[in-house]
Amino acid sequence: MTCKCICIRHKASRGYANGHKLCNYCNLFIKWDELWCPCCGNKLRTRPRHSKYKAKLRIKKQKEKQMQKAQNKNSNIILHAQ
Ligand SMILES: [Zn+2]
């Protein structure tokens, strides 16, 4: 396996939450729909390696859910008030 630097063209900001994947071989986050790195052919990581980051990701998702719930509640209240 060799890095052909194709991955740099698909470079993404760091973060699994946005659907970005990490190539362990190129050591780069890329925006790519396939499971395999377009560059070196290595399998891409879609989830954090450390449980610490997993927990962070879970908390982030929970917060987003809560926000959505709160927003729904608010819109319900507005509907009832009218
Ligand atoms: Zn790669």
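This is a predicted model: local features need pLDDT of at least 70, side-chain atom pairs count only at pLDDT 80 or more; totals for chains, interfaces and linings use all residues.
View 1. Where does Asn27 sit? Its place is in the loop between strand 1 and strand 2. The backbone does something worth a look here: phi of Asn27 is near 55°, a positive value in a residue other than glycine.

View 2. Arg14 lies in the segment before strand 1. Arg14 counts as exposed, because it has 10 C-beta neighbours inside 10 Å.

**View 3. Cys5, with another positive phi.** Look in the segment before strand 1 and you will find Cys5. Its phi is near 65°, which is a positive value in a residue other than glycine. Is Cys5 buried or exposed? It counts as exposed, because there are 11 C-beta neighbours inside 10 Å.

**View 4. Ile6 and what it touches.** Ile6 also has its place in the segment before strand 1. This residue counts as partly exposed, because it has 14 C-beta neighbours inside 10 Å, and that number falls between the cut-offs of 12 or fewer for exposed and 20 or more for buried. Which residues is Ile6 in contact with, once its neighbours within four places in sequence are left aside? They are Pro38 and Cys39. For a sense of scale, pick out Gln68 too: Ile6 and Gln68 are 62 residues apart in sequence, and from C-alpha to C-alpha they are 38 Å apart in space.

View 5. Zoom in on strand 1 and strand 3: they run antiparallel, and two bridges join them. In this pairing, Leu22 stands opposite Arg45 in strand 3.

**View 6. Leu44, a buried residue in strand 3.** Strand 3 is where you will find Leu44. Is Leu44 buried or exposed? Leu44 is buried, because 20 other C-beta atoms lie within 10 Å, and 20 or more is what it takes to be called buried. Leaving aside neighbours within four places in sequence, Leu44 is in contact with Lys21, Leu22, Cys23, Trp32, Leu35, Trp36 and Cys37. For Leu44 and Leu28, the separation is 16 residues in sequence and 9.9 Å in space, C-alpha to C-alpha.

**View 7. The largest nonpolar core.** In soluble globular proteins, nonpolar side chains tend to be buried together. How many residues does the largest nonpolar core have here? It has ten: Cys7, Leu22, Cys23, Cys26, Leu28, Phe29, Ile30, Cys37, Cys39 and Leu44. Two elements give two or more residues to this core, namely strand 1 (21–23) and strand 2 (28–30). Strand 2 gives the most, with three residues. Leu44, the buried residue of the previous view, is one of the core residues.

**View 8. Stepping back to the two domains.** Which domains does the domain assignment give? It gives domain 1 (1–47) and domain 2 (49–82). The centres of domain 1 and domain 2, taken over C-alpha atoms, are separated by 29 Å. Going from the N terminus on, the elements run β-β-β-α, and the secondary structure comes to one helix and three strands.

**View 9. The whole chain in outline.** Along its principal axes, the C-alpha trace spans about 65 × 25 × 15 Å. A compact globule of 82 residues would have a radius of gyration near 12 Å, whereas this protein has 18 Å. What share of the 82 residues counts as buried? That share is 15%. As for contacts with a separation of 6 or more, residues 24 or more positions apart account for 32% of them.

Technical notes. Residues are numbered from 1 along each chain as its sequence is written. A nonpolar core is a set of buried Ala, Val, Leu, Ile, Met, Phe, Trp, Tyr and Cys residues joined through C-beta atoms within 7 Å. Helices (H or I, at least four residues) and strands (E, at least two) are DSSP runs, numbered from the N terminus. Two residues are in contact if their C-beta atoms, placed from the backbone, lie within 7 Å. Domain bounds come from an automatic or database domain assignment. Two strands pair if DSSP finds at least two bridges between them. The radius of gyration is taken over C-alpha atoms; the globule rule is 2.2 Å times the number of residues to the power 0.38.
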